[in-house]
Amino acid sequence: MKVFGQHVHAPIVLLVVAECCLSAAALVGASTLVSALEGDVASLTAPWLWPRALVFSAAVVLAMTAMGLYHPKQRLRREEVLIRLMVAAAIASVGAAVISWAFPVRTGPVTWAVAFVLSVL
């Protein structure tokens, strides 16, 4: 398969799509968990949640791409992958903080933290 004239491996595309969906689900799950613990039932069906989940998942996927986790022929040990994953999560958290600062959002810092922990898992 070719994208912009470059060969892209189908399993890598599948991995990117799966991680995008799982990281969006992590933010939705974190928001649901934090809202349930705070007793705020109205924010569970808020229309602002899904666009922020998509931005969050894009930040996570871009950070993982920047750390080289989508390279098809990598020969990394488990420790190296975990370190790259942690650095990617740190990069994504900085990106999410910049987006939250530039465009004020109603997602609290506890929700972001729980979402990043869930996305790394």
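**Entry 1: Ala30**

I started at Ala30 and listed its contacts: leaving out residues up to four places away in sequence, Ala30 touches Thr111, Val114, Ala115 and Leu118. The model is predicted, and I read everything below with that in mind. I placed Ala30 in helix H1. Buried or exposed, I asked of Ala30? Ala30 counts as buried because its relative accessibility is 0%, and the cut-off for buried is under 20%. I then took the distance from Ala30 to Gly95. The two are 65 residues apart in sequence, and their C-alpha atoms are 18 Å apart in space.

**Entry 2: the chain as a whole**

I stepped back to the fold. I counted four helices and two strands in the protein chain. Their order along the sequence is β-β-α-α-α-α. I noted the extent of the C-alpha trace along its principal axes, about 45 × 30 × 25 Å.

Next came contacts by sequence separation. Among contacts in the protein chain with a separation of 6 or more, I found that 66% join residues 24 or more positions apart.

Then I looked at surface and burial. The protein chain has 121 residues, and 30% of them count as buried.

**Entry 3: the largest nonpolar core**

The largest nonpolar core holds 22 residues. Which of them touch the most other members? I noted Leu27, Phe56, Val60, Met64, Trp112 and Phe116. Helices H1 (10-38), H2 (49-66), H3 (78-102) and H4 (109-120) are the elements that each give two or more residues to this core. H2 gives the most, with seven residues.

I followed up on Phe116. Setting aside residues up to four places away in sequence, Phe116 touches Phe56, Val60, Ala89, Ala92, Ser93 and Ala96.

**Entry 4: the largest pocket**

I turned to open space. The largest pocket has a volume of about 240 Å³. Which elements give two or more residues to its lining? They are H1, H2, H3 and H4. H1 supplies the largest share of this lining, four residues.

By class, I recorded 10 nonpolar, three polar and one charged residues in the lining.

**Entry 5: the largest cavity**

The largest cavity has a volume of about 40 Å³. I listed its lining as Val60, Met64, Leu85, Ala88, Ala89, Ala92, Ser119 and Val120. H2, H3 and H4 each supply at least two residues of that lining. H3 gives the most, with four residues. By class, the cavity lining has seven nonpolar residues, one polar and no charged.

Definitions and conventions. Residues numbered from 1 in each chain as written. Predicted model: local features only at pLDDT ≥ 70, side-chain atom pairs only at ≥ 80, totals over all residues. Heavy atoms only, no water. Core = buried A, V, L, I, M, F, W, Y, C linked by side-chain atoms within 4.5 Å. Buried < 20%, exposed > 50% of the residue type's maximum accessible area, 1.4 Å probe, protein only. Contact = heavy atoms within 4.5 Å. 1 Å grid on protein atoms, 1.4 Å probe; cavity = no way out; pocket = protein on both sides within 12 Å on 5 of 7 lines; lining within 4 Å. Points joined across faces, edges and corners; volume = space filled by probe spheres on them. Nonpolar A, V, L, I, M, F, W, Y, C, P; charged D, E, K, R; others polar.
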